[in-house]
Amino acid sequence: MPDTMLLIQMLVMLMVIGAFAGVLAGLLGVGGGIVLVPSFFYAFQTLGYAGPQLMQICLATSLATIIVTSLRSVLSHHKKGAVDWDILKTWAPGIAIGAVVGVLVAASLKSTTLQGVFGVLGIIVGLYLGLGRAHWRLGPQMPSGLTRALMSPVLGFLSVLMGIGGGSFGVPIMSLYGVAIHRAVATAAGFGITIAVPSVAAFLFLDIAPENRPPLTFGAVNLVAFVTVIAMTLITTPWGVRLAHAMDAKPLKRIFAVFLTLVALNMLRKSLGW
């Protein structure tokens, strides 16, 4: 049985992480995974779990929470008629294939390499959040045919390597092809389910050395972190939504972009051993 004091320490740290992720999700509309992965990494490392597969545990656990949060989100958006099911149905197969490939690649990499990948991609997302403009366009409508066949697996693949849902890459892609922002956010929630379900199923079969696993870790998914974060986001996401309606979220989004870029740079720095 895991040490009771260790479980209490984990629980307190994860409650704070989950609360923060929930507020940000409600306030800025950003997916929790972009915050959860580095937070899990620092929390588990602080508790003494710094093995070569620590990032895999962080990615898998983050993606497990995304199954629940994305499902809640897509059902809520569907009631308002905001989900573009045509985009979701045509992009989902490629995204799912890319997600499974992402797990296979992630399973073969060391934590330091995955930190570097998260750092580079996090900087790109942070720059887009901070500098992106609503009028930027790559085309008048979502791509189909070969372009979609190439882009959809890449979206799933990169999302798994960061442990995130469909929002961070899906919303910018849809916005750049002229999809209205509320429709892009709603549809990206469906992308999140398509990414998270097959990848978590695969991560459950990943073999992690017992001495490198935080308590109650199954495959690469930590049950304590999963349950705690889900419970906290249920409480705090509505707080973030209320804050978003009470203040201008645009400057806050830019502040978060700076925060994310700094976190990503720190992950990149650690991966390089600096």
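Q: Why is Leu-216 called partly exposed?
A: Its relative accessible area is 41%, and partly exposed covers the range between buried (under 20%) and exposed (over 50%), with a 1.4 Å probe and protein chains only. Leu-216 therefore counts as partly exposed.

Q: On what basis do these values rest?
A: The model is predicted, so local features need pLDDT of at least 70 and side-chain atom pairs count only at pLDDT 80 or more, while totals for chains, interfaces and linings use all residues. Residues are numbered from 1 along each chain as its sequence is written, and side-chain values use heavy atoms, with hydrogens and water left out.

Q: What makes the backbone of Leu-216 worth a remark, and where does the residue lie?
A: Phi of Leu-216 is near 60°, a positive value in a residue other than glycine. Most residues other than glycine have a negative phi. Leu-216 is in the loop between H8 and strand E1 (217–218); helices (H or I, at least four residues) and strands (E, at least two) are DSSP runs numbered from the N terminus.

Q: Is Asn-222 buried or exposed, and what does it touch?
A: Asn-222, in strand E2 (residues 221–222), has a relative accessible area of 0% and is therefore buried. Not counting residues up to four places away in sequence, Asn-222 touches Met-10, Phe-44, Ile-57, Thr-61, Pro-214, Pro-215, Leu-216 and Thr-217, where contact means heavy atoms within 4.5 Å.

Q: Why are H7 and H8 called oblique?
A: The axes of H7 (residues 167–176) and H8 (residues 181–203) cross at roughly 140° and come within 9 Å. Axes are lines fitted to C-alpha atoms, for helices over the stretch in contact, and angles run from 0 to 180 degrees between N-to-C directions. Under 35 degrees is roughly parallel, over 145 roughly antiparallel, 65 to 115 roughly perpendicular and the rest oblique. H7 and H8 are therefore oblique to each other.

Q: Which residues of H7 and H8 meet, and how do they divide by class?
A: From H7, Gly-167, Gly-170, Val-171, Met-174 and Ser-175 meet Ile-181, Ala-184, Val-185, Thr-187, Ala-188 and Phe-191 of H8. The contact of H7 with H8 has seven nonpolar, four polar and no charged residues; Ala, Val, Leu, Ile, Met, Phe, Trp, Tyr, Cys and Pro count as nonpolar, Asp, Glu, Lys and Arg as charged, and the others, Gly among them, as polar.

Q: Why does Ser-175 count as buried?
A: Ser-175 in helix H7 has 15% relative accessibility, and therefore counts as buried. Setting aside residues up to four places away in sequence, Ser-175 touches Trp-136, Arg-137, Ile-181 and Ala-184.

Q: How do you know that Ala-186 is buried, and what surrounds it?
A: The relative accessible area of Ala-186 is 0%, so the residue is buried. Ala-186 lies in helix H8. Apart from its neighbours within four places in sequence, Ala-186 is in contact with Val-74, His-77, Ala-82 and Val-83.

Q: What makes H6 roughly antiparallel to H7?
A: H6 (residues 145–162) and H7 pack at an angle of about 150°, with their axes 9 Å apart. That angle makes H6 roughly antiparallel to H7. Met-151, Leu-155, Leu-158, Ser-159 and Met-162 of H6 meet Phe-169, Gly-170 and Ile-173 of H7. By class, this contact of H6 with H7 has six nonpolar, two polar and no charged residues.

Q: Why is H3 called roughly antiparallel to H4?
A: H3 (residues 54–79) and H4 (residues 85–108) have axes that cross at roughly 170° and come within 13 Å. H3 is therefore roughly antiparallel to H4. Gln-56, Leu-59, Val-74 and His-78 of H3 make the contact with Trp-85, Ala-106 and Ala-107 of H4. The contact of H3 with H4 has five nonpolar, two polar and no charged residues.

Q: How many aromatic pairs are found in the whole structure?
A: The search finds six aromatic pairs, a pair being rings of Phe, Tyr and Trp (its six-membered ring) with centres within 6.5 Å; planes under 30 degrees apart count as stacked, over 60 as edge-to-face and the rest as tilted.

Q: Why is the pair of Phe-41 and Tyr-42 called edge-to-face?
A: The ring centres of Phe-41 and Tyr-42 are 5.8 Å apart and the planes are at 85°, so the pair is edge-to-face. Phe-41 is buried, with a relative accessible area of 4%, whereas Tyr-42 is partly exposed, with 25%.

Q: What makes Tyr-128 and Trp-136 an edge-to-face pair?
A: Their rings are 6.4 Å apart centre to centre, with 65° between the planes. Tyr-128, at 27% relative accessibility, counts as partly exposed, and Trp-136, at 37%, counts as partly exposed.
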